[in-house]
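Reader: I have the structure open and would like to know what stands behind some of the words used for it. Could you take me through a few of them?

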Amino acid sequence: MSAIVRHCGLPFSEPMAFGLSSALTFAFFPFIKLSGLPLVSYRMPPKTIIRGLQKPLRFSMRTETFRRPEDGAARLNKLLDAGQLVGLQVSVFWLPFMPPDFRFHFNAHNLLAYGRDETSGDYLLSDPVLEMPVRCSPADLAKARFARGLLAPKGLLYYPDRAPQEPAWERVIPAAIKKTARNMLRPPLPFIGVKGIARIARAFERLPAATAPQAAKLYIGHLVRMQEEIGTGGGGFRFMYAAFLEEAATLTARPALAELAVRLIEIGDLWREFALAAARMIRDRDPLDPGHLAVLLRAQAEHEKAFFTSLYKAVRSS
Amino acid sequence: MEAADVPQENSATYGGHLKAVYARSGDGRLGLTQTCGWEAEETVTRQAVQMFEDLAAAALERARAGQSSPLEIHMYRARMDIALLAQASGFWRWQVRRHIRPAVFARLSKAHRARYAQALGIDPDQLDTVD
């Protein structure tokens with residue numbers, strides 16, 4: 001996402017794209033299941049990031065989905081031939097360049113296509129998770145783009161049709177921060193934000209640790225995977241948001257935001273500690289005790305509640 | 001997290017790749033640092049992979065005992081469950097459950113087999129083999 005904006009000539013970092021689109025969140029939907037496990041996310045779905053940037057940067061992003069894979073491939077080729085950078089939503093499972101252990105049916109993954117190899121027809125891609133550019137054959141990419149299931153990408157591609165403009169930082173940044181804080185503190189649904197964390201803590205307490213330890217471990221491991229394995233940065237995107245706050249502090253001349261960034265790093269570290277405690281239980285290094293993890297989660301909910309309250313106060317006066 | 005504290009624990013699950021994490025560097029600013037793995041993350045990734053391997057192994061046992069068919073094994077090998085295979089193949093869940101029964105699987109039409117093969121990303125001929 002940030003690379004597309006940079007391509008249009010505006011210096012723009014990944015954390016800035018993340019923060020400006022208010023993508024940080026916590027969401028726990030116990031009734032939406034993936035392989036029997038609930039949907040948990042530490043960030044908003046990709047479309048929110050795309051749409052969220054349009055207003056502050058005063059540009060428009062075209063998104064297109066396709067019913068037929070052939071149409072999707074033809075459109076992608078046409079855009080690439082015109083020299084456009086194109087964002088793609090794909091399923092991780094069908095990407096041959098991914099390490100095999102990462103290949104699950106996770107549909108909300110995003111790639112950037114920047115060209116095609118003329119002789120082989122392979123696509124040249126940049127994947128945010130991997131450090132190097134990769135290539136992918138048209139057949140594999142078509143499978144990944146048209147995978148079915150939950151959050152099916154339907155071949156979604158996106159590209160800017162009007163160049164983004166440098167925004168009035170001192171106005172758009174506080175607005176984006178307010179939105180994130182509101183969403184964490186007073187969400188429209190009790191499954192989101194601080195309340196969502198408290199809710200998953202409650203779900204942990206109810207896990208059948210004594211009668212079905214394997215099932216309990218899978219549930220715990222699932223939360224940790226969503227926190228650490230998905231996306232860049234670790235700590236459930238808390239570190240990336242801290243990087244955004246740091247940048248925001250400079251751009252808006254609000255040193256208070258830099259102090260808050262330090263606090264958020266500490267919260268991110270606590271998420272990492274939670275992951276470590278959970279992993280030790282899964283490996284039987286520590287006795288399985290979901291109740292203890294629930295206590296840690298409740299503490300996280302409290303920390304984040306206090307943090308986002310201060311964050312809201314820090315940007316309110318404008 | 002300080003950049004110097006970013007775990008470098010060589011996770012096999014990364015398959016030799018590196019991953020980027022945000023950490024505080026020496027000058028106190030947050031930036032990207034490369035990591036080659038973290039044990040806690042490896043544990044949960046392995047656990048999820050293992051879950052499907054266990055399911056596939058159990059299905060293989062059942063298939064050998066004549067209680068299941070290769071379709072179920074291929075489903076778990078593709079890291080799918082009934083709900084996902086149903087969505088990917090366009091069948092109803094009850095149809096998938098029924099098609100998994102050995103007697104029904106043996107009678108599957110060519111068109112049905114092609115749909116499953118397409119959804120699982122394998123060749124229709126491979127549907128019968130499990131090794």
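**Words and the values behind them**

Reader: Happy to start with one residue: why is B:L60 called partly exposed?

Author: Gladly, and please keep in mind that this is a predicted model. B:L60 has 18 C-beta neighbours inside 10 Å. A buried residue would need 20 or more, and an exposed one 12 or fewer. The value of 18 falls in between, so B:L60 counts as partly exposed.

Reader: Where does B:L60 lie, and which residues does B:L60 touch?

Author: B:L60 is part of helix α1 of chain B. Leaving aside residues up to four places away in sequence, B:L60 touches B:I73 and B:V130. By contrast, 49 Å separates the C-alpha atoms of B:L60 and B:L30, which are 30 residues apart along the chain.

Reader: What makes up the contact between the two chains?

Author: Chain A brings 39 residues to the contact and chain B brings 31. On the side of chain B that touches chain A, β1 (19-24), β2 (30-35), α1 (39-64) and α3 (82-89) of chain B each supply at least two residues. α1(B) gives the most, with 10 residues. By type, this side of chain B holds 15 nonpolar, 9 polar and 7 charged residues.

Reader: Now to the sheet in chain A: what makes β3 and β7 of chain A edge strands?

Author: The open sheet has 6 strands in the order β3-β8-β4-β5-β6-β7 (chain A), with antiparallel pairing. β3 (61-64) and β7 (134-136) of chain A each pair on one side only, and that makes them the edge strands.

Reader: How do you know that β3(A) pairs with β8(A)?

Author: Two strands pair if there are at least two bridges between them. Here 4 bridges join β3(A) to β8 (residues 157-160) of chain A, so the two strands count as paired. As one example, A:R62 has A:Y159 in β8(A) as its bridge partner.

Reader: Which strands does helix α3 of chain A lie across?

Author: Helix α3 (residues 46-54) of chain A lies across β3, β4 (86-90), β5 (109-116) and β8 of chain A, and runs at about 150 degrees to β3(A). Helix α5 (residues 138-145) of chain A also packs on the sheet, touching β4, β6 (123-126) and β7 of chain A.

Reader: And how do helices α8 and α10 of chain A pack?

Author: Helix α8 (residues 213-228) and helix α10 (residues 255-282) of chain A pack at about 145 degrees, with axes 10 Å apart. Their crossing is left-handed. The residues of this contact divide into 8 nonpolar, 2 polar and 2 charged.

Key:
Residues numbered from 1 in each chain as written. Chains lettered and ligands numbered in written order. Predicted model: local features only at pLDDT ≥ 70, side-chain atom pairs only at ≥ 80, totals over all residues. Contact = placed C-beta atoms within 7 Å. Nonpolar A, V, L, I, M, F, W, Y, C, P; charged D, E, K, R; others polar. Axes fitted to C-alpha atoms, helices over the stretch in contact; angles between N-to-C directions. Left-handed = near helix turned anticlockwise from the far one by under 90°.
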